[in-house]
Amino acid sequence: MAIQSVGIVGAGQMGNGIAHVFALAGYEVLLNDISEDAIAAAIALIDSNMDRQVGKGLITETAKAEALARIGSTRKLTDLGQTDLIIEAATERETIKTAIFEDLVPHLKPDTILTSNTSSISITRLASRTDRPEKFMGFHFMNPVPIMQLVELIRGIATDEETFRACHEVVERLGKTSATAEDFPAFIVNRILMPMINEAIYTLYEGVGSVQSIDTSLKLGANHPMGPLELADFIGLDTCLAIMNVLHDGLADTKYRPCPLLTKYVEAGWLGRKTKRGFYDYRGEVPVPTR
């Protein structure tokens, strides 16, 4: 199953990063979003990030130009139907993801592989809303995609071996490393990472430490490159809450209950870096804690 062309649904922080690495690896990329502004912003960011790679000597100007030439864009979801592999990278809401797959199905080639970049939602359940559960799997990239080495590969209950091998070969061609996870809520990385972030938010909520104290403690005391609250802002507090809700609902264990403070921040629209406010305020020259 030779994959040459890739359709990507969603031009946000994950979608543009995925387009970036696939184009550099020689794939023809078609990037889809309902917003023309989002597509334009994504292409501009890819250009800027590739400039940074050129400046560091990681890629050449020629490689950059050739990669950018391989990225096409469309606002019509159905245009992705003729690609060999589709990666859904829309917002972490199951209703949106299932609607996307249902709209795509009538327009797909018989051998097109469908995947989701979901960080927590059941692959088996998403696959069941398509006509090809055997050609469906989880393809979870880490953020920021051009930098992070890991890709989680998650099989649904019906995913066949040919589909798994094809996706594994894609990861190798991208120069990344795959880890295989079973189809349980939040898989491996977020099953471990998100409860840690949630506990850090509880630590703030209960007054055990301030934002800066908590982040400094984990950076210097556990050698983490980024504090848990800073990391939550980077990921997006809405995404953190969505993953915690999937863990809480899917595993029925109170230890996964989202912290009320996390819920409050999301309700306020303070989602982290992407909205300029979260546990830090990013509207000035230097981020400052909001609490």
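What volume does the second largest pocket have? I looked it up in this predicted model: about 690 Å³.

**Entry: second largest pocket.** I listed its lining next. Of 29 lining residues, Asn49, Pro144, Val145, Pro146 and Ile147 are the closest to the pocket centre. I noted that α1, α2 and α9 each give at least two residues to this lining. The largest share, 6 residues, comes from α1. By class I got 12 nonpolar, 10 polar and 7 charged residues.

**Entry: largest pocket.** I then turned to the largest pocket, with a volume of about 1,100 Å³. Its lining has 40 residues, and the closest to the centre are Gln13, Met14, Asn143, Ile235 and Thr239. Two or more lining residues come from each of α1, α4 (94-104), β6, α7 (189-205), α9 (228-235) and α10 (237-251). Here α10 supplies the largest share, 6 residues. I recorded 21 nonpolar, 13 polar and 6 charged residues in this lining.

**Entry: sheet.** I traced the strands. There are 8, in an open sheet of mixed pairing, ordered β3-β2-β1-β4-β5-β6-β7-β8. From one strand to the next the twist averages 25 degrees. I checked β2 (residues 28-32) against β3: they run parallel, joined by 4 bridges. Asparagine 32 sits opposite threonine 74 of β3.

**Entry: helices on the sheet.** Helix α1 (residues 13-24) lies across β1, β2, β3, β4 and β6, at about 170 degrees to β2. Helix α2 (residues 36-55) lies across β2 and β3, at about 165 degrees to β3.

How values were computed: Residues are numbered from 1 along each chain as its sequence is written. This is a predicted model: local features need pLDDT of at least 70, side-chain atom pairs count only at pLDDT 80 or more; totals for chains, interfaces and linings use all residues. Side-chain values use heavy atoms; hydrogens and water are left out. Two strands pair if DSSP finds at least two bridges between them. Axes are lines fitted to C-alpha atoms, for helices over the stretch in contact, and angles run from 0 to 180 degrees between N-to-C directions. Contact means heavy atoms within 4.5 Å. On a 1 Å grid over the protein atoms alone, a cavity is a set of points where a 1.4 Å probe fits but cannot get out, and a pocket is an open set with protein on both sides within 12 Å along at least five of seven lines; lining residues have an atom within 4 Å of a point. Grid points are joined across faces, edges and corners, and a volume is the space filled by probe spheres set on the points. Ala, Val, Leu, Ile, Met, Phe, Trp, Tyr, Cys and Pro count as nonpolar, Asp, Glu, Lys and Arg as charged, and the others, Gly among them, as polar.
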